[in-house]
Amino acid sequence: MTRIHIKGMAIATLVMVLATAVPVQQLAAQGSSDPEHTLPLTWDRWLDHDEIGERLRLMERTWPEFLTLQSTGTSYGGREMWVMTINNPRTGDEMNKAAMFIEANVHGNEIQGAEITLYTIWYLMENYGRIDEITRLVDERVFHLVPSVNPDGRDYFMDEAGSGARTGHVPVDSDGDGVADEDGPEDLNGNGIIEQIRKYVPGEGTHRISHVDSRILEAVPPGEKGDWVILGREGIDNDGDGRVNEDPVGGYDPNRNYASDWQPNYIQGGSMNYPFELPEARALNDFMMARPNIAGMQSFHNTGGMILRGPGAAWYGTYPTSDIRVYDELGEWGERMLPYYNYIVIWRGLYTVHGGSIDWTNDGLGIVSFSNELWNGGQYFNSPLLQAQRQDPNSPISGQRSRFFFDDFLEFGDQYVEWTPFEHPEYGSVEMGGWKKLAGRVNPRFLSMELFHRNMAFTLYHADQMPLMSMGESTVERVDGNLFRVRVDITNERLIPTITERARQNNVVRPDLLTVDGNVDVIAAGWVPNKFLPGPTQMIEQEELDRILIRSGHTGRTTRTIEYLVSGSGSMTVQYSALKGGTASTTVQLR
Amino acid sequence: MQLAGIRGLRAAAGFVMLALVAPGGALRGQATSYLDFDGLTRELRSLVDGSNLATMRSLGTSREGREIWLVEIRNPSGTPVDTRPGLLIVGNLEGDHLVGSALALETIRYLIDQNGGEANLDEQVVYVVPRLNPDGAEAMFAAVHHARRGNARPYDDDNDGRIDEDPPEDLNGDGFITVMRVPDPSGDYIIHPDDARLMKRADAGEGESGAYTLYREGRDSDGDGFLNEDGAGGVDLNRNFQHAYPYYERDAGPHMVSESEARALMDFVVAQRNIGAILTFGHSDNLVTAPNASGGLAGPKILDLPAFADASNADVFDKGVFRTQGRGFGGGGFGGGGGGQPRLRGAQPGRDNDPNSGRRPATTVNRQDVQYFEAVSEAYGEITGITRVGINREAEGAFFQYGYFQFGVPSFSTQGWGLPEPESDEQGAGEGRGGRGGGGADGTDAAVLAALEGAGIDAFVDWTPFDHPDLGDVEIGGFRMPAVMNPPGAELPELGRAHGEFAARLTSMLPRVRIADTEVTDHGGGVFTVSVEIENTGYFPTSLQHGVVSRSVQPTMVQIQVPPEALLTGDAKSSTVQQLEGSGARARFAWVIRGRQGASVEIRVRSQKGGTETATVTLR
């Protein structure tokens, strides 16, 4: 594996680019338009599962040397669980490099993450050999990208009326009548949208029409009477039990079915009966458990503009301090890359989550994991001036009016359906209308590029900070005869340790192995506290000194010096093997 | 009753025999020895093939490809089987607990032979999984007895990158893995002053100085300085379930329900919501000793001697932990910089949640449910005569705990056999302390040893000198664990028959919801009041209190089969009652409907654990 990168060089290179030099590729492009894309794709359409599959296959055909598409199982509804792997085989086998796992869309209605994974594959491939840092990243690392953890939910959201698509499609008897999923919402008026239903009840309602904008239905203050009641979503009583829409498709939370701090339904709603009961979660967990080189993980959700880390529940305990230090640096860096996003601990700044995916990957698989909640409402009016104006109640961009303003003038009314009368079989004369499914949680299409790129950039930064082992300076000193003192510098070049402290506590990552090969007998081994000062070493008290177990791993951005006292002759190879940080070795001559 | 345990069991079983002699004396072909997988399969097959009351199918396969058999016992010509109140029996979850599968087998035999006994096979169903861990059980038939609990998943127990590389070895060739005691001035243990076969931890406060280190019998096969720290036998299935799961602990597996065997059972159970009670045979007990008034289970009792030996590997995960910081440097990659103090925060602007908010799962039996556990426990003692357990393992991740705390039904575990009562109260006084304390002649080791010896069971290998290739002069001895965990085969027919009778009793206690009464009042003009009274004629309520709390048991539903628009007033078309007590408690529902004079109207009652029934009334 060729690796020209050395510590500190990246920053130096960037400074050079800005100040003086111009890289070759930019020279070539100077004075003309951008180079053509190998694969000209557009990024302003939301795709369904089939279209995602087509795009993945197209990219795999275009860049077959780097891309491998596989299905790691099928969803309950029989859809393929796509995983695209990016690996440059010329820089080594996939398992010998740290891997970044990026998943999205575990909640069916939280769709944008899928397009981010597609954009990431496309961007890395288009710019390999064009942008040095991208080339290096692709050469050093492996990426696994899962556009949709919940393809059934996604298609329900995309292709059908889309209401209540958070869940997957494993049948659940939500109303306890012994039949599953027999009474969901339906599109009664055939306009392709599941609308809200409201009924005019003069003086007896809970809501009234706002005098500011007749489209705003506002709750009446306590003690007052409104003219409208909201009766729920569009649908009828399919099973004749006297209730409407009480048992729709699915009825659980696919991101509560993971195995860390999993809790039963009465503590954590929607968790199902046991961890990895859901075929989608099980397939991806099997995939991850078979790849212990996965060192970084991102799970894209929406909405709110957050860079979330675990723990999901306060009473599950805090992370060890050394792990928090790593998360803090990554998270704070991300806040600078993602305007309007905050770095947040799930339970503290969002709400309590038991059995979420990134709790499991952190605690059970030893993977430094984030979950980005894509899209913050502040981005509708993303300037300090407009944010200030929103505080003025008379402004057309204050309160609920702001959403109508944005829809009227930037989306040309595309996201709202006017209330229209309807004769409902159970409710009588009602009106149906309101916001469409994309409004609010999903960013406007014309802002997708920026959202995709910034979030991708954060995951690439995260991937770049996965552990990366290298061997530095080595010295051989003959004590006498065949007795030698050998010192080797061992470095983890990046921020994330080869084994997090939590992974060590749980014993879920194989220890790093420091091994010796050659015609030598290791008499003693120890860590050198400071190789620039004379002084004792910290002896390693293990039985097999040619195979030293390092359970605590190698701290990020640190060089350690190992000293061996050996008897022997010829060449001696010292190898450091970290499952999540690759393998590095150096050979010295005993003479 | 003083007749109990091994010795007592003969007498107790005699009582059982007397009770059952009328239907036909001893049961056909009862096994008097433990069966391997093929033997068990043959026996189950012949029982099932010989009766129309039973069917048999596989829930899935073990890691080594053995079938996990499920036997369903019911009269097929009764009510639809999937809606009948059911009892689930699971045995041999721990590989070394062969007696569990033997009792399950004998229970099947009893139920077939006795046409269910107290169970009503026309309206009820009994599901039996005799051996959940066939791979672990099969290991008990190997030449050397390991007493291993786990299944066959290859597992890196000491997390050193090598799998199953340092198993125990039968050095003295006696067919058992026992314990080695090695003279060692820095050891923690001494020979017990009251019984030279047993060991105790030296108590410096008493002026005692440790003289021995204890290991499991074997060598340090991988040369890492630890003996027998990574043998075969991966995951203990009775530590792999979701309640009080021991995260990341030895034998518990990588996560809850990680094992194919555990998953096969879970997938069956969650699809079979008519299961109203669960009985498991395993290393923990809540039957001989019912939960106390606060809902807590009796404390664990484990043997010190093997625990002391296992403790020799207690620090296996500490070797290789280095706090050497080395030399740090500035950022690599295209990020870099940063560092500084951890900010230990994570609230977002305007939001900082309370760490103490949120509900926590129950850890003790609901006080309102304790009475039912007590009643079943009483029946168990009465029928089996077992009043005293030898070993009682802490129930962490045990299936029977899932059964109550998450599935929400009465759920039980028993070793399936017991120890005789001690000669005097004094002798048993120290038992309650469990095994972890000082150990010795007043603890579990002594009690178990005395009881087994009293019953004529040779459960202890006397210490004999051995020249260990690495450790020099040692002694090898200790408990024969298979004999500690399983009674002699000759006891199985009597024990089996008693447990068959108990299973039938437990089945008879399931809730049974019936339509007790219906009434129609004609108000004229096509308006009628229809009312129905339902009754739970079983013993258990339709849902335990915890079944309600945990929302795992659905309310009993009563539905009138008329179009919604025919309902004029009164109860909802589908009405429910959360919980209907047993022993004849009733609930009443009434609807005022519009209908045609002389028309028939169906009323359905559907109780998840208490069965379904339909009544038809005529409007007149």
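Visitor: What do the buried residues of α5(A) pack against?

Guide: In this predicted model, the buried residues of α5(A) pack against β2 (80-86), α4 and α13 (448-464) of chain A.

Visitor: And which residues of that helix are buried?

Guide: In α5 (residues 132-140) of chain A, the buried residues are Arg136(A), Leu137(A), Val138(A) and Glu140(A).

Visitor: Let us turn to α3(A) and α4(A). At what angle do their axes cross?

Guide: The axes of α3 (residues 49-62) and α4 (residues 112-127) of chain A cross at roughly 10° and come within 11 Å. Because angles under 35 degrees count as roughly parallel, α3(A) is roughly parallel to α4(A).

Visitor: Left-handed or right-handed?

Guide: The crossing of α3(A) and α4(A) is left-handed.

Visitor: Which residues meet there?

Guide: From α3(A), Ile52(A), Arg55(A) and Met59(A) meet Ala114(A), Leu118(A), Ile121(A), Trp122(A) and Met125(A) of α4(A).

Visitor: Now chain B. Which residues of α2(B) are buried?

Guide: Leu40(B), Leu44(B), Leu47(B) and Val48(B) are the buried residues of α2(B). They cover an arc of only 95° around the axis, so they lie on the same side of α2(B).

Visitor: Why would residues spaced like that point the same way?

Guide: An α-helix has 3.6 residues a turn, so residues three or four places apart point the same way.

Visitor: What is exposed on the other side of α2(B)?

Guide: Asp38(B), Arg42(B), Ser46(B) and Asp49(B) are exposed there. The buried residues of α2(B), in turn, pack against β1 (54-61), β2 (67-73) and α3 (98-113) of chain B.

Conventions
Residues numbered from 1 in each chain as written. Chains lettered and ligands numbered in written order. Predicted model: local features only at pLDDT ≥ 70, side-chain atom pairs only at ≥ 80, totals over all residues. Buried ≥ 20, exposed ≤ 12 C-beta atoms within 10 Å, placed from the backbone. Helix = DSSP H or I, 4+ residues; strand = E, 2+ residues; numbered from the N terminus. Arc of directions from axis to C-beta. Contact = placed C-beta atoms within 7 Å. Axes fitted to C-alpha atoms, helices over the stretch in contact; angles between N-to-C directions. Parallel < 35°, antiparallel > 145°, perpendicular 65-115°, else oblique. Left-handed = near helix turned anticlockwise from the far one by under 90°.
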